[in-house]
Amino acid sequence: NAGVTQTPKFQVLKTGQSMTLQCAQDMNHEYMSWYRQDPGMGLRLIHYSVGAGITDQGEVPNGYNVSRSTTEDFPLRLLSAAPSQTSVYFCASSSRGASGDYEQYFGPGTRLTVT
Amino acid sequence: AQSVAQPEDQVNVAEGNPLTVKCTYSVSGNPYLFWYVQYPNRGLQFLLKYITGDNLVKGSYGFEAEFNKSQTSFHLKKPSALVSDSALYFCAVRDGGTGGFKTIFGAGTRLFVKA
């Protein structure tokens with residue numbers, strides 16, 4: 001049971017490049033989210049999903065796309081990278097909560113630098 | 001829309017002394033409240049949650065938190081701090097009344113425990 005995994009751990013992009021941050025979970029969780037962490041800003045929600053085929057926008061969705069074709073995977077796509085997207089990105093998953101398990105499980109993060 | 005405020009960027013406490021990390025929240029429905037901890041270069045780990053029931057909830061590593069509906073607060077506490085408690089602490093809220101999953105985090109409070 002690996003929990004939530006994220007790849008890559010580190011990435012450097014040039015302005016305008018695109019890339020996909022991968023996230024996978026093996027806990028059969030319905031809910032998955034992407035956050036970015038910036039100094040003094042805490043974690044800000046980018047996009048989230050309540051199940052395969054269902055996604056919604058969070059607080060800071062601009063410049064990012066997501067899709068959820070399977071329960072396990074929730075990739076985050078940067079369409080045209082900008083220096084403002086330099087951040088640490090965390091993926092998280094959670095069960096639906098029928099048994100009271102509402103807490104999120106986080107991956108180790110991806111540190112992205114856009115030059 | 002829900003929001004979370006952590007009024008202190010940093011809390012300093014001596015080892016063995018009690019500690020409090022403050023959190024206030026705003027939601028339109030019933031609050032689901034969480035505390036997470038982040039150690040350096042790691043993802044977030046769940047500490048404790050309030051969903052319903054007893055206002056005093058106990059969590060991992062000896063931490064507890066008190067839900068106060070009238071003050072819309074959910075302060076994190078520990079009777080006797082350890083140097084190993086030094087980390088970044090995040091409060092988070094989800095609007096349980098809407099049935100939605102969207103979870104919003106505060107900006108974080110850095111806890112320093114001196115030996």
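Which residue forms a salt bridge with A:Glu103? In this predicted model, the partner of A:Glu103 is B:Lys49, and the closest N and O atoms of the two residues are 2.9 Å apart. Across the interface of chain B and chain A, the rule finds 1 salt bridge, together with 5 residue pairs in polar contact, both residues of each pair being at pLDDT 80 or more. On the side of chain B that touches chain A, the elements giving two or more residues are S5, strand S6 (44-50), strand S10 (87-95) and S11 of chain B. Of these contributions, the largest share is that of S5(B), which supplies 4 residues.

The extent of the interface can be described in two further ways. In terms of contacts, 25 residues of chain A are touched by 21 residues of chain B. The size of an interface is often given as the accessible area lost when the parts come together. For chain B and chain A this buried area is about 1,800 Å², and carbon and sulfur atoms give 60% of it.

Over all chains, a search of the whole structure finds 12 aromatic pairs. One of them is formed by A:Phe106 and B:Phe105, whose ring centres lie 5.9 Å apart and whose planes stand at 85°, so that the pair is classed as edge-to-face. This pair crosses between chains, running from A:Phe106 in strand S10 (residues 105-106) of chain A to B:Phe105 in strand S11 (residues 103-105) of chain B. Both A:Phe106 and B:Phe105 are buried.

B:Phe105 takes part in another pair, with B:Tyr36, in which the ring centres are 5.5 Å apart and the planes meet at 45°, so this arrangement is described as tilted. Here distant parts of the chain are linked, since B:Tyr36 belongs to strand S5 (residues 31-38) of chain B and B:Phe105 to strand S11 of chain B, 69 residues apart. B:Tyr36, like B:Phe105, is buried. These residues belong to one aromatic cluster, which is formed by A:Tyr35, A:Phe106, B:Phe34, B:Tyr36, B:Phe46, B:Phe90 and B:Phe105.

Charged side chains are also placed over aromatic rings. In chain A, A:Arg68 lies over the face of A:Phe74, at 6.0 Å from the ring centre, while in chain B the charged end of B:Lys78 sits over the ring of B:Phe63, 5.0 Å from the centre of that ring.

When neighbours within four places in sequence are left aside, B:Lys58 is in contact with B:Leu48, B:Phe63 and B:Glu64, and the side chains of B:Lys58 and B:Glu64 are joined by a polar contact of 2.9 Å. With a relative accessibility of 62%, B:Lys58 counts as exposed, because the cut-off for that class is over 50%. The C-alpha atoms of B:Lys58 and B:Trp35 are separated by 11 Å, the two residues being 23 residues apart along the chain.

Not counting residues up to four places away in sequence, B:Ser73 touches B:Cys23, B:Thr24, B:Tyr25, B:Glu66, B:Phe67 and B:Asn68.

Methods: Residues numbered from 1 in each chain as written. Chains lettered and ligands numbered in written order. Predicted model: local features only at pLDDT ≥ 70, side-chain atom pairs only at ≥ 80, totals over all residues. Heavy atoms only, no water. Phe/Tyr/Trp six-rings, centres within 6.5 Å; stacked < 30°, edge-to-face > 60°. Buried < 20%, exposed > 50% of the residue type's maximum accessible area, 1.4 Å probe, protein only. Lys NZ or Arg CZ within 6 Å of the ring centre and 35° of its normal. Contact = heavy atoms within 4.5 Å. Buried area = accessible area lost by both parts, 1.4 Å probe. Salt bridge = Lys/Arg side-chain N within 4 Å of Asp/Glu carboxyl O. Polar contact = N/O pair within 3.5 Å; in protein donor to acceptor, adjacent residues only side chain to side chain.
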